[in-house]
Amino acid sequence: MIPYGKQDIRQSDIDAVVDVLTSDFLTQGPKVPGFESAVAQKVGAKHALAVNSATSALHIACLALDLGEGDWLWTTPVTFVASANCGLYCGAKVDFVDIDPKTYNIGVDSLREKLEKAAKENCLPKALVVVHLCGQPCEMLAIKALADKYDVKVIEDASHAIGGKYQGEYIGNGRYSDITVFSFHPVKIITTAEGGMALTNCDELANKMNVLRSHGIIRDPERMTHEPDGPWYYQQVHLGFNYRMTELQAALGLSQLERLDEYVAKRHTLAKRYDELLKDLPVTCPEQHADTYSGLHLYVIRLKLNELAVSHKAVFESLRAQDIGVNLHYIPVHTQPYYKKFGFKADDFPEAMSYYREAISLPMYPNLTVSEQSEVVSALKAALSL
Ligand SMILES: *Cc1c(COP(=O)(O)O)cnc(C)c1O
């Protein structure tokens, strides 16, 4: 099976993790802060907080922005469920903004219309989670202008996009948002097995997320409500969690980070080759917005079903039967059974549904070989009955 995504683990990664295993610290040692400052420096952020998943990072990001009961969080329906669930964790309500039919990211026109309407009805969202789908950055300039106009906080779910750039600058630098989140799950661009990170340029948000990821506990006497009882003393000041990253994970992340640009460049080479190999097939290849350099976590094609005699599902099944591990990113979140109870109808977001009926993620990872890629394209041609 050629999977849709796969990590690249080298001897240097293994050595880095083994070194930690034989060191004094398996958790709360020097590797986590080392990884945090390396990522912060790489992407140009002031603060980076490593956690045990992007899902956890999204949760503490929402809490740090004071999202709570009575608030709304908006996001795109074409994302992993975690981009929306973080709002529900905080007791907020979740709504969606339909996608742009070309980039599949949150649609700026739909966002503008929905904000105008919400402003009139007095139900503006407190937070907006934009997702850089497939690694392609959203139109952050326009999004930031709208967010400023309506006083909405912005979280970039950049789970797909570390190493990607917007207007020539790394995603994660926080120029257009309050907090950016990365995922280090093995299918993503670099991995720590499980793991995630929240980045911000705001000292107060960083402090709050730092406390929330470790039980809501502080150890700095200056920030305590009274003099410490003694050297053992700590105070719990928030209801936090254990969302910490381990030293083993951080060592792996540090080692992987050295190859970030190489990985993204390799993905671009593969994407160009797919573009070339697929250009005469009845499929739409990913369009890249001029302002962006994608992280290219995914390479999603859309079937031109009106030019095909086979169904989307049949193409999918045929590819899987030919051992090509294609996938679909994503099932629109508002159609999930858990979200149906909030009253969403499938047709509420027609562009998302039309994408869902046509999309297929082809294998895309740095070690995908040219011959494997050709195999994928041959299998696709067979699946399309061409
Ligand atoms: C993978 C992913 C997440 C969740 O990441 P974890 O690190 O697995 O928690 C969230 N949002 C998007 C868009 C993702 O692709």
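Y330 sits in the loop that runs between α10 (312-321) and α11 (337-340), where helices (H or I, at least four residues) and strands (E, at least two) are DSSP runs numbered from the N terminus. The peptide bond that joins H329 and Y330 is cis, with omega at about 10°. Before I go on, this is a predicted model, in which local features need pLDDT of at least 70 and side-chain atom pairs count only at pLDDT 80 or more, while totals for chains, interfaces and linings use all residues. Residues are numbered from 1 along each chain as its sequence is written, and side-chain values use heavy atoms, with hydrogens and water left out.

The loop between α10 and α11 also holds D323, whose phi is near 65°, a positive value in a residue other than glycine. D323 is partly exposed, at a relative accessible area of 41%; on this scale buried means under 20% relative accessible area, exposed means over 50%, and partly exposed lies in between, with a 1.4 Å probe and protein chains only.

Another residue of this kind is S385, which is not a glycine and yet has a positive phi of about 60°. S385 belongs to the segment after α13 (370-383), and with a relative accessible area of 55% it is exposed.

Let me turn to helix α2, residues 31-43. With its 13 residues, α2 reaches 18 Å from its first C-alpha to its last, close to the 18 Å expected at 1.5 Å a residue, the expected span being 1.5 Å times one less than the number of residues. The buried residues of α2 are V32, F35, E36, V39, A40 and V43. Seen down the axis of α2, these buried residues fall within an arc of 130°, so they line one face of the helix; the arc is that of the directions from the helix axis to the C-beta atoms. Against them pack β1 (47-51), β7 (169-170), β8 (179-183), β9 (196-200) and α8 (247-257). Just after α2 comes G44, with a positive phi of about 85°.

One of those strands, β8, contains V181, which counts as buried at 0% relative accessibility. Not counting residues up to four places away in sequence, V181 touches A54, A57, L58, I155, E156, D157, A158, S159 and M197.

The next helix to consider is α5. It also has a stated length of 13 residues, and α5 reaches 19 Å from its first C-alpha to its last, close to the 18 Å expected at 1.5 Å a residue. Its buried residues are V108, L111, L115 and A118, and seen down the axis of α5 they fall within an arc of 90°, so that they line one face of the helix. The face turned away from that buried side carries the exposed residues D109, E113, K117 and K120. What covers the buried residues of α5 includes β2 (72-75), β4 (127-131) and α6. After α5 comes N122, whose phi is positive, near 60°.

On the α5 side the contact is made by V108, L111, R112, L115, E116 and A119, and on the α6 side by A142, I143, L146 and Y150. By class, that contact has eight nonpolar, no polar and two charged residues, where Ala, Val, Leu, Ile, Met, Phe, Trp, Tyr, Cys and Pro count as nonpolar, Asp, Glu, Lys and Arg as charged, and the others, Gly among them, as polar.

Key
Contact means heavy atoms within 4.5 Å.
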